[in-house]
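Colleague: I'd like to learn how to read a fold from its coordinates. Could we go through one together?

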Amino acid sequence: MDQQATYQQQMKEMCEQHMNQAVTMQANGMNYEGVVEMVDDNHVYMMVPVDEQGQFMSMYEVMAGMQQEQQEQQQQQQMMNGQERYGYPYQPYYPGYYPYYPRPRPYGWRRLVFPLAALTALAIL
């Protein structure tokens, strides 16, 4: 087995170990952050988050937005179940209606296909 085939097999095994996990991948001198979706003998398929303009987003931005959204939902449930149900005291807005704070959210996901031979690095986030 030649050196290129050995390298490709090692990258395939590494990608298979990190399937369905958030990773950063370096290929052709560029870094991509996303989720490894599938691996075959020659390619790795990766889903990357994109914003409304189709620009790639960082997985850190996506995860931070999701955590912030979960915290807001928990606060809303606590207020609706607790004593602060009617907005008194210390609640400057009507219950259930929160002010809008823009946060990074993925507009969608884009599938990228990389040849295993082009991968130079893979790291879990």
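Modeller: Helices (H or I, at least four residues) and strands (E, at least two) are DSSP runs, numbered from the N terminus. Here, Ala27 has Leu119 in β5 as its bridge partner. Strand β1, residues 22–27, runs antiparallel to β5, and five bridges join them.

This is a predicted model, where local features need pLDDT of at least 70 and side-chain atom pairs count only at pLDDT 80 or more, while totals for chains, interfaces and linings use all residues. Residues are numbered from 1 along each chain as its sequence is written, and side-chain values use heavy atoms, with hydrogens and water left out.

Colleague: What is the strand order in the open sheet?

Modeller: Five strands, in the order β4-β3-β2-β1-β5, with antiparallel pairing. β4 (108–115) and β5 (119–124) are the edge strands, each pairing on one side only.

Colleague: Which strands does helix α1 touch?

Modeller: Contact means heavy atoms within 4.5 Å. Angles run from 0 to 180 degrees between N-to-C directions, with axes as lines fitted to C-alpha atoms, for helices over the stretch in contact. Helix α1 (residues 3–17) packs on the sheet and touches β2 (30–39), β3 (43–50) and β5, its direction making about 20° with that of β5.

Colleague: Is Gln8 buried or exposed?

Modeller: Buried means under 20% relative accessible area, exposed over 50%, partly exposed in between (1.4 Å probe, protein chains only). Gln8, in helix α1, counts as buried because its relative accessibility is 17%. A polar atom of the Gln8 side chain lies 3.1 Å from the backbone oxygen of Asp41.

Colleague: Which residues touch the most other members of the largest nonpolar core?

Modeller: In soluble globular proteins, nonpolar side chains tend to be buried together. A nonpolar core is a set of buried Ala, Val, Leu, Ile, Met, Phe, Trp, Tyr and Cys residues joined through side-chain atoms within 4.5 Å. The largest one has 16 residues, and Cys15, Met25, Val44, Met46, Phe114 and Leu119 touch the most other members.

Colleague: Where is Asn20 found?

Modeller: Most residues other than glycine have a negative phi. Asn20, in the loop between α1 and β1, has a positive phi, near 60°. Asn20 counts as exposed because its relative accessibility is 60%. Asn28, in the loop between β1 and β2, also has a positive phi, near 55°.

Definitions and conventions: Pairing = 2+ DSSP bridges. Polar contact = N/O pair within 3.5 Å; in protein donor to acceptor, adjacent residues only side chain to side chain.
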